[in-house]
Amino acid sequence: MKGSDSMAELKDCPFCGGRASRGIGAIDECENPRYFLVQAHCERCGAEIRHRYHIPCWVKNPEREAKRYISSLWNRRAERS
């Protein structure tokens, strides 16, 4: 998986407050990948999420959209009452 970029800031880990990073890798399907395997994880405690991101046909920059998507999943937090 490729290293993370600074396109969308990741929040700190919701469990330990550690630094988070993001990775992405193409799932090869006949040299025309339709999916990316994306993940975000904590560098301190190892908490992670992984997702197989389907690339919609209208997306012009699928790698950027996949990174944006995994960032939105990682950064989502439950509201406290």
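Of the 81 residues of this protein, 31% count as buried, where buried means under 20% relative accessible area, exposed means over 50%, and partly exposed lies in between (1.4 Å probe, protein chains only). The model is predicted: local features need pLDDT of at least 70, side-chain atom pairs count only at pLDDT 80 or more, and totals for chains, interfaces and linings use all residues. Residues are numbered from 1 along each chain as its sequence is written, and side-chain values use heavy atoms, with hydrogens and water left out.

**Overall layout**

- The protein has one helix and three strands. Helices (H or I, at least four residues) and strands (E, at least two) are DSSP runs, numbered from the N terminus.
- Read from the N terminus, the order of the elements is β-β-β-α.
- Contact means heavy atoms within 4.5 Å. Among contacts in the protein with a separation of 6 or more, 41% are between residues 24 or more positions apart.
- The accessible surface comes to about 5700 Å². Carbon and sulfur atoms hold 47% of that surface. The areas come from the Shrake-Rupley method with a 1.4 Å probe; for residues, only the protein chains shown count as cover.

**Confidence**

- The average pLDDT is 83, and 81% of the residues score at least 70. This score is the predictor's confidence in each residue, from 0 to 100.
- Over residues 1-6 the pLDDT is below 50. Beyond near neighbours in sequence, that stretch has 16 contacts in the model.

**The nonpolar core**

- A nonpolar core is a set of buried Ala, Val, Leu, Ile, Met, Phe, Trp, Tyr and Cys residues joined through side-chain atoms within 4.5 Å.
- The largest such core has 14 residues. F36, V38, A66 and W74 have the most contacts inside it.
- Two or more residues each come from β1 (20-27), β2 (35-42) and α1. Strand β2 gives the most, with four residues.
- In soluble globular proteins, nonpolar side chains tend to be buried together.

**Aromatic rings**

- A search of the whole structure finds one aromatic pair. Rings of Phe, Tyr and Trp (its six-membered ring) pair if their centres lie within 6.5 Å; planes under 30 degrees apart count as stacked, over 60 as edge-to-face and the rest as tilted.
- Y53 and Y69 form this pair, and the pair is tilted. The distance is 5.3 Å centre to centre, with 40 degrees between the planes.
- The pair links distant parts of the chain, 16 residues apart. Y53 sits in strand β3 (residues 48-54), and Y69 in helix α1 (residues 62-75).
- Y53 counts as buried because its relative accessibility is 11%. Y69 counts as partly exposed, at 30%.

**Y35 and R52**

- Y35 belongs to strand β2. With a relative accessible area of 24%, Y35 is partly exposed.
- R52 lies over the face of Y35, at 4.0 Å from the ring centre. A charge sits over a ring if NZ of Lys or CZ of Arg is within 6 Å of the ring centre and within 35 degrees of the ring normal.
- Y35 and H54 are 19 residues apart along the chain, and their C-alpha atoms are separated by 4.5 Å.

**C42**

- C42 is also found in strand β2. C42 is buried, with a relative accessible area of 2%.
- Leaving aside neighbours within four places in sequence, C42 is in contact with C13, C16, G18, R19, A20, A47 and W74.
- The C-alpha atoms of C42 and G18 are 6.0 Å apart, across 24 residues of chain.

**R68**

- R68 lies in helix α1. R68 is partly exposed, at 40% relative accessibility.
- R68 and A8 are 60 residues apart in sequence and 6.4 Å apart in space, C-alpha to C-alpha.
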